[in-house]
Amino acid sequence: MKFYLTLSLIFLLNIPFTGFAQMDTLFLYNKKIPCSVKEITSDAVKFIYPQEDIIHTIYKNNIRQLYLKSGRVILFQETAALKNILDVEDNDKISISVVDAEVKGLFKLGEVSSKAKGTTLFANQDRVNERAYRKLKIEAAMMGASTIFINHQKSEGYRPGIIFLTGSSAETSLTGIAYSHELPDPAAFTRKVNNKTAFNTTAAYKIWSGGSDAKKRSVSRGFSLSKIITEQGITTLEGTLTGVPDYKRFRLVNFDETSFTIFYKDKNTAYQYRINF
């Protein structure tokens, strides 16, 4: 009798594992999807949910890894190349893209732009370009972006002066769209806040369109949180930041165990604040 009970128990314990092994699993940044993978294309994975026939598509940029029922694990180069951006200091980790396919499936955060000009008439064009890209990355980092899609670039080299016209130094203008492969989890953030409404800032960054770099300073300002709003994956915090009377909505950039970061833009100046829980 004990022999049969043991066999029955082993059989029951193996049911979930057997079922799981019969399926593929897509691991995204905020969830996992048990499914049956039908096709892997150059930029996406096509799959069906259990007990369904409809084919769904998800871009590789959204996938951490794919576990096939055969036991093979697939890591995607697209995802591996994207880094998590915690604050402005991580701006050098942001990737630059000029190919549409490389940003498919990523979360659009907004437009970014920059302009750099040589400090002398004979300034090196490459250095001017570097400054323009750095400024673009700084603003994108303030938003929490992991990649920028460049949709316009204009570079003009040194132009010597002629009669009645003065010369001009090298200049580069850039515009692009900032994207992220991972957004803050609004449910996890709400749990972390735990109904608290009053917070204090610890640091602030800002960069204006004509600036050469982000300005950082230690700052203690009150932040009063009144509402957490999530639309299309983007989490916005309604509240009041001391010293900023004209803005009541701030984008949540990221958060960890001790603090969170917010972003807003006032005309040609971008701001990021670090706030303690």
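**A loop residue and a strand**

Guide: Val98 belongs to the loop that connects strand S7 (95-97) with strand S8 (107-117); strands are DSSP runs of E with at least two residues, numbered from the N terminus. This is a predicted model, in which local features need pLDDT of at least 70, side-chain atom pairs count only at pLDDT 80 or more, and totals for chains, interfaces and linings use all residues. Residues are numbered from 1 along each chain as its sequence is written, and side-chain values use heavy atoms, with hydrogens and water left out.

Visitor: Is Val98 buried or exposed?
Guide: Val98 counts as exposed because its relative accessibility is 61% (buried is under 20% relative accessible area, exposed over 50%, partly exposed in between, with a 1.4 Å probe and protein chains only).

Visitor: What is Val98 in contact with, beyond four places in sequence?
Guide: Phe149 and Ile150, where contact means heavy atoms within 4.5 Å. The C-alpha atoms of Val98 and Phe149 are 5.6 Å apart, although 51 residues separate the two along the chain.

Visitor: Changing topic, why is strand S17 largely enclosed?
Guide: Strand S17 (residues 269-276) is largely enclosed by the rest of the structure because 7 of its 8 residues are buried.

Visitor: Which sense does its pairing with S11 take?
Guide: Antiparallel, over 8 bridges, with S11 covering residues 198-208; two strands pair if DSSP finds at least two bridges between them. Ala270 in S17 stands opposite Ile207.

Visitor: And how many bridges join S16 to S17?
Guide: 8 bridges, again antiparallel, with S16 spanning residues 259-266. Thr261 has Arg274 in S17 as its bridge partner. The two strands, S16 and S17, form a hairpin with 2 residues between them, and Lys267 in the turn has a positive phi of about 55°.

How values were computed
Helices (H or I, at least four residues) and strands (E, at least two) are DSSP runs, numbered from the N terminus.
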